[in-house]
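Here are a few notes to read alongside the structure. Keep it open and find each residue as you go.

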Amino acid sequence: MRLITSPFYYSPYLSLLAKADSPKYVESWKAFNTWSKGHIPISGRVVEELIKMVKDNSLIKGELLVQNQKVDLAAVTANLLVVASELDALVPYRQVEPIMNKVSSHDKRFVLHPGGHALSLVSSNGTLPDYLKDWLPCRSTPLTKEDVT
């Protein structure tokens, strides 16, 4: 529900109010609300192209063009962590999983997380999700003060 003159959306807060007696829901709601407000607006043309790419599955089929060149997934050799969600209606895991057989990476891992789109990226206690805590440290070095400044 949105008032015509107001840029304020009420719907998320109504769902929070309806389940305010559930600490687990409130915690999850706060994490998702923070995540959803952190997006950079995307132009309609970019959204249109992304939807077409997903619908046609052109990346997996080897038909995706970037700057008039076909994307060759076999050329990908970097460490790869692919995370998908069981209930993701936007990007179904069955559409994501085939990338594992297309890339040439030796170090690759597929994680199927319960839940819906992007919820697997949010940890309820403010830490990294377990799959990332296990995967990331042995493939990266900690930041130093010099890296941050």
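Which residue forms a salt bridge with lysine 133?

1. The partner is aspartate 130, with the closest N and O atoms 3.6 Å apart. Lysine 133 and aspartate 130 sit three residues apart in helix 7 (residues 130-135), so about one helical turn separates them. As for cover, lysine 133 is partly exposed at 39% relative accessibility, while aspartate 130 is exposed at 55%. (Buried means under 20% relative accessible area, exposed over 50%, and partly exposed in between, with a 1.4 Å probe and protein chains only.)

2. Before going on, a word about what you're looking at. This is a predicted model, in which local features need pLDDT of at least 70 and side-chain atom pairs count only at pLDDT 80 or more, while totals for chains, interfaces and linings use all residues. Residues are numbered from 1 along each chain as its sequence is written, and side-chain values use heavy atoms, leaving out hydrogens and water.

3. Now go to helix 3, which covers residues 44-56. (Helices are DSSP runs of H or I with at least four residues, strands are runs of E with at least two, and both are numbered from the N terminus.) Arg45, Glu48 and Glu49 are linked here in a network of salt bridges. Arginine 45 meets glutamate 48 at 3.1 Å, N to O, and its closest approach to glutamate 49 is also 3.1 Å between N and O atoms. Glutamate 49 is four residues from arginine 45, so the two are about one helical turn apart. Arginine 45 is exposed at 52%, whereas glutamate 48 is partly exposed at 49%. In total, the model has five salt bridges by this rule.

4. There is also a nonpolar patch on the surface, made of Ile42, Val46, Val47, Leu50 and Ile51, with about 410 Å² of accessible area together. (Patch residues have over 30% relative accessible area and no salt bridge; like charges are joined within 9 Å, and nonpolar side chains, meaning Val, Leu, Ile, Met, Phe, Trp and Tyr, within 5 Å. Areas come from the Shrake-Rupley method with a 1.4 Å probe, and for residues only the protein chains shown count as cover.) Isoleucine 51 belongs to helix 3 and is exposed at 52%.

5. Finally, check two backbone angles. Asparagine 57, in the loop between helix 3 and helix 4 (58-61), has a positive phi near 55 degrees without being a glycine. Glutamine 67, another non-glycine, has a positive phi of about 50 degrees. Glutamine 67 lies in the loop between strand 1 (65-66) and strand 2 (69-70) and is exposed at 75%.

Definitions and conventions: Salt bridge = Lys/Arg side-chain N within 4 Å of Asp/Glu carboxyl O.
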